[in-house]
Amino acid sequence: MADLTTDFSGIRSPNPFWLASAPPTDKAYNINRAFEAGWGGVSWKTLGEDPPIVNVNGPRYAAIHGPDRRVIGFNNIELITDRPLAVNLREMRQVKRDWPDRALVASVMLPMNEASWARHIPMIADTGADGFELNFGCPHGMSERGMGSAVGQVPEYVQRATEWCKKYADVPVIVKLTPNVANIVYPAQAAHKGGADAVSLINTVNSIMGVDRDRLTIYPATGGMGTHGGYCGEAVKPIALHMVAAIARDPGTRDLPISGIGGVTTWRDAVDFLALGAANVQVCTAAMVYGFKIIEDLADGLSRFLDDKGMASVQALVGAALPSVTEWKYLNLNHVDKAHIDQEKCIKCGRCHIVCEDTAHQAITLSVNGERRFEVKDEECVGCNLCVSVCPIEGCISMRPMTSGTDPRTGMAIRRQAADWTVHPNNPLKDS
């Protein structure tokens, strides 16, 4: 069996699955249940100054559902912990004493003045927490008070606050980044310059979920009024993967350990994050939708995957897919793929034909010679993958590379690599 034990910037845990700072980590009761279920660590719901903030006593959450009512996107307007700091610290100390082998990280959000950091960081560290996670990502409520994403969107603020925390902390400091920026690399570089031991990302994405069509008001609303919130869940995973890979590839940040957050629901999602450079993953929405027991499938699935790949540890997977990530200008324009339909799996629904005929390249024909049959016209197919994306039967349509001969659409010779192909250090095809 593969070893799931991880050492994240000096913070050890029995597996790479942590619960993210959020409602599931708001109190000792929840976290005890999580550790009993098998989670490797938690980031305690974000702590702030006393007196504690006040949350709304109305709808805080809303969801985007698939046709089967499965939650695929989630929105919240909840703020940081609304429990007194002393209560949180007392419970953190007890949890760490009871679960010494689990990672317990203190998420914090403090004003942009050094005095506050000097006062609170030693006090929080006294609980025995294994590290700090600086919440520079919350996009609603706290940002209006000059914290959260109001800090995370300004690299100079990120660096300064990180320096303050490092000055008063004697445990690893993780900087949690907001996705609500044009380029995630800049705040990551600032965190690195400030002395951060690691980064975590992504926090939630600015969003409004919709409108109550009867009342014609924003939805959800509290007392008839609502506001934008933070979007998370499966729907944000592609955004998170892009940003994780960007930091893992950038020369100025690629030595920073990354905790991947954003839509981790199954072990397959965890594999994606790890292979693109994350050293562990944090989970929130999936736990809120399905409960803490999902850790069993997460850990078992990842362990089996590593075994199948002959990998002895999680670390062996970290960054394995990064060499295949490059910029568009380095893609091999001489490579040709064509769609292929497995007639035995085809259920004759015709979706591939309709979308290709209406919105793509008219490369899938419908013939009715005693039966409905859909076939690909190689001379028209550009390998766009649309038909694969819309086909309801997994594996029915596949893309097949044509590695030699002539492209029937253009009449041009197909080669693995053109003689004038630009070779670049980041080009995964350089050894083709």
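1. Lys and Arg count as positive and Asp and Glu as negative, while His and the chain ends are not counted. The place of a charge is taken as NZ of Lys, CZ of Arg, CG of Asp or CD of Glu. On that basis the protein chain has 42 positive and 48 negative side chains, and the centres of the two sets lie 1 Å apart.

2. The model is a predicted one, in which local features need pLDDT of at least 70 and side-chain atom pairs count only at pLDDT 80 or more, while totals for chains, interfaces and linings use all residues. Residues are numbered from 1 along each chain as its sequence is written, and side-chain values use heavy atoms, with hydrogens and water left out.

3. Overall fold. The protein chain has 12 helices and 20 strands; helices (H or I, at least four residues) and strands (E, at least two) are DSSP runs, numbered from the N terminus. With a radius of gyration of 24 Å, close to the 22 Å that the globule rule gives for 432 residues, the protein chain is as compact as a globular protein of that length. The radius is taken over C-alpha atoms, and the rule is 2.2 Å times the number of residues to the power 0.38. Along the principal axes, the C-alpha atoms fill a box of roughly 75 × 55 × 40 Å.

4. Of the 432 residues, 50% count as buried (buried means under 20% relative accessible area, exposed over 50%, partly exposed in between, with a 1.4 Å probe and protein chains only). The accessible surface comes to about 20,300 Å², and 51% of this belongs to carbon and sulfur atoms; areas come from the Shrake-Rupley method with a 1.4 Å probe, and for residues only the protein chains shown count as cover. Among contacts (heavy atoms within 4.5 Å) between residues at least 6 apart in sequence, 69% join residues at least 24 apart.

5. Ser21. This residue sits in the loop between strand 3 (17-19) and helix 1 (28-37). Ser21 counts as buried because its relative accessibility is 13%. Its side chain reaches the backbone oxygen of Trp44 at 3.2 Å and the backbone nitrogen of Thr46 at 3.1 Å. Not counting residues up to four places away in sequence, the residues that Ser21 touches include Ser43, Lys45, Ser107, Glu133, Lys176 and Gln282.

6. Cis peptide bonds. The bond from Leu201 to Ile202 is cis, with omega near 10°. Ile202 lies in the loop between strand 10 (198-201) and strand 11 (205-207). A cis peptide bond also joins Tyr219 and Pro220, where omega is about -5°. Pro220 belongs to the loop between strand 13 (217-219) and strand 14 (229-232).

7. Positive phi outside glycine. Leu216 has phi near 55° and is found in the loop between strand 12 (210-212) and strand 13. Its relative accessible area is 68%, so Leu216 is exposed. Asn385 has a positive phi of about 80° and lies in the loop between strand 19 (372-376) and helix 12 (386-390). At 30% relative accessibility, Asn385 is partly exposed.

8. Helix 8. In helix 8 (residues 267-275), the buried residues are Asp269, Ala270, Val271, Phe273, Leu274 and Ala275. Their cover includes strand 3, helix 7 (237-249), strand 15 (258-261), strand 16 (280-283) and helix 10 (294-308). Just after helix 8, Gly277 takes a positive phi of about 120°.

Note on methods
Polar contact = N/O pair within 3.5 Å; in protein donor to acceptor, adjacent residues only side chain to side chain.
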